[in-house]
Amino acid sequence: MKAAVILRQVPDVVEELVIAEDGRSLSEDDVMYITNELDEHALEQALLLKARHTGTVTAIGLGGDAARDALATSVAKGADEAVFVPIDFAARGDNCVLSAHLAAALKAGGYDVVLTGVYATDQLDAGLGGLLAARLGIPYVGGLSGVQLDAGGRKAVVHKEYPGGRLGVMEVDLPAVLGIQSAEQPPRYVPVSKVMQARRTLRVKELKGPLPQVAGVTVRKLLKPESSAHAKMLEGDEDAVAGQIVNLVKERGLL
Amino acid sequence: MQAEAKSMGVEGGKGVDATKAFLGRLSLLPDGDRIAACIQCGMCSGSCPVGYAMDINPRMMIAKLRAGRVDDLYRSSSIWLCVACFNCTYRCPSNIPITDRLIASLREELLAGGVGVPPELQAAFEKTARYGNPFGESPKKRDAWTKEAGVEVPVLEPGDSADVLWWVGCFGSYNKRNRKDTIALARLLDVLGVDFGILGTDEWCSGDLRCTSQGEEGLFDALYRHNTAQLSKRKYKEVLVGDPHAFNALSKEYKRLGTPLKVRHYTQFLAERAPELRRLMKQTMQAKVTYHDACCLGRRNNEYEAPRIVLETIPGIRLVDMPRNRENALCCGGGGGANWLDSFIWERTRVPLPVQRVQEAAKTGADILAVSCPLEIPRFDDAIKTSGLEGRLRVREVSEMAAEAMGLSGARVA
């Protein structure tokens, strides 16, 4: 089994996001990066597959220098190979560009499965997985919460989550791109000492070259959510509050 | 007999090498080799407040290690039940550092061996590694509380100096229920005319992780390196800390790793100024007060009197002790990472320690449960609510009580 996992660096919303002066992008200086949460799940799922079948996991880190740290963590967790793909800050949320940029390398890698989070918190357009599969001419299925490979490595049986708590079990021909919603277990913990060790000895391949010019989405304006209507607090004791609720229901014709 | 011995791992079992390697690592730590002096008396296990819920109690842990069976411990949840109360360490007749070294090293072993860590604690580790605090709060907002302090709280930039460098700590900086106490201490320092400053956003978690036996040594080292680099860029005569766990890390572990610091807990700092505090007191506080000895300040660092001295400066209060006080105090259950293991421990014990402790406090007839460790504010506050003691008993930090009696409470603008 040969698996590739795509790990994207996205803005960490623990820090306040600041809109840049141009009014249509984030101020890069104020951004702290974090690996897209669902991509962490994709890595965990790949490592679980590796534990069940003999094989290798290639971690592909997209972004700036923070992506290198994410690759070191991936290797500390058990990834076999690390590929760094430098992406300009402005292009990171554009999955049309990312898929066009990655397709050739993924094809050349000969992976049985390419896993990635079903969405990224900064994505502008459709999910990366589907766009990648279209470029590679292979199947895509997303929203997955479990993956099993058959013994011959020709097919995968995947669990797909549907709204309302329904679960679909389906078969997909390999090679395929899989969009992970959640791994079968929460992403594992790796002690800091192991990450540090991996950082010191990390060897990354780098995917160089300019980003392709493809038709995509252009951001025209970025706005912060505005609070409009405020909640009205009902004051008084229980009887007074109950009376006010009854009046509100009557006034608004809710019954 | 020989075959049986083999199957037990006494001779040549597969755990023997792993056990030897583990004991080798343990012996490199201060007093780590004292484990050899264990007389298997069971004092540790008998005095452990959660020992009854352990499948392998501390005495058995040592017996397992002697039998070459460290791998048995991998399968036990006992290692994660330790709340770092230091009863075992304090009472061990052979002076074995059970909490700080044995339990910590076992946790490290589990982490390094990929056995994993309970999920809540894992999240705290990840957040501390990433943000420098276990809550996952923005590192940039660490000193945001200073805006509400109502007095000037100087942030020392590299090259700056002050007599006292105040180590605010994660709970004191971020936790809503602790911030009022942090502000109270800022106002106390201000009114006492202390030349002080804080590290601001350059302060990260002190990393008591390793020493409160959470076992993430790599994380502790990373925090230690960051913090000592920041400390070395400022000049100060002493470090003042609000959190007993930071007190322990900075005074003992940082020293062990090559950074000796003069560190005092705020109650020690204030107790030294008791006559001055007394002169500044403006209001009487008609209250019966019982003081809870924080494990990390008491049993672990032998400080029982300073908080009581500060409380006694407050006019009107009457101090009463709970039956279990000083070296016999019952733990709040939050040490050693247990603050992030509450549900894990509850599933196995069902009687939370903070609930037991607030009931003890209520039985004294006290109106106020005074504390000197920030973890105890949210822990006891919640326990008071779940025990139905709301309205009868309040948990309050010593600093905040002193500030109130000096007329320093209430909202203020700087």
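The model is a predicted one. Begin in chain A with two helices, α2(A) and α5(A), which are roughly perpendicular to each other because angles from 65 to 115 degrees are counted that way. The angle at which they pack is about 115°, and their axes lie 8 Å apart. Helix α2 of chain A covers residues 65–77, and helix α5 of chain A covers residues 192–201. Where α2(A) passes α5(A), the crossing is right-handed. On the α2(A) side the contact is made by A72(A), T73(A), V75(A) and A76(A), and on the α5(A) side by K194(A), V195(A), A198(A) and R199(A). By type, the residues of this contact are five nonpolar, one polar and two charged.

In soluble globular proteins, nonpolar side chains tend to be buried together. The largest nonpolar core here has 180 residues, and those that touch the most other members are V5(A), A59(A), L178(A) and A402(B). What does A59(A) touch, leaving aside residues up to four places away in sequence? Its partners are V5(A), L7(A), L43(A), L71(A), S74(A), V75(A), A79(A) and A82(A). One of these, V75(A), also belongs to the contact of α2(A) with α5(A).

The last stop is the contact between the chains. Chain B supplies 17 residues to it and chain A nine. On the side of chain B that touches chain A, at least two residues come from each of α7 (98–112), α8 (119–131) and α12 (217–232) of chain B. Of the elements on that side, α8(B) gives the most, with five residues. The residues of the chain B side divide into nine nonpolar, five polar and three charged.

Definitions and conventions
Residues are numbered from 1 along each chain as its sequence is written. Chains are lettered from A and ligands numbered from 1 in the order in which they are written. This is a predicted model: local features need pLDDT of at least 70, side-chain atom pairs count only at pLDDT 80 or more; totals for chains, interfaces and linings use all residues. Axes are lines fitted to C-alpha atoms, for helices over the stretch in contact, and angles run from 0 to 180 degrees between N-to-C directions. Helices (H or I, at least four residues) and strands (E, at least two) are DSSP runs, numbered from the N terminus. Angles under 35 degrees count as roughly parallel, over 145 as roughly antiparallel, 65 to 115 as roughly perpendicular and the rest as oblique. A crossing is left-handed if the near helix is turned anticlockwise from the far one by less than a right angle, and right-handed if clockwise. Two residues are in contact if their C-beta atoms, placed from the backbone, lie within 7 Å. Ala, Val, Leu, Ile, Met, Phe, Trp, Tyr, Cys and Pro count as nonpolar, Asp, Glu, Lys and Arg as charged, and the others, Gly among them, as polar. A nonpolar core is a set of buried Ala, Val, Leu, Ile, Met, Phe, Trp, Tyr and Cys residues joined through C-beta atoms within 7 Å. A residue is buried if 20 or more other C-beta atoms lie within 10 Å of its own, exposed if 12 or fewer, and partly exposed in between; C-beta atoms are placed from the backbone.
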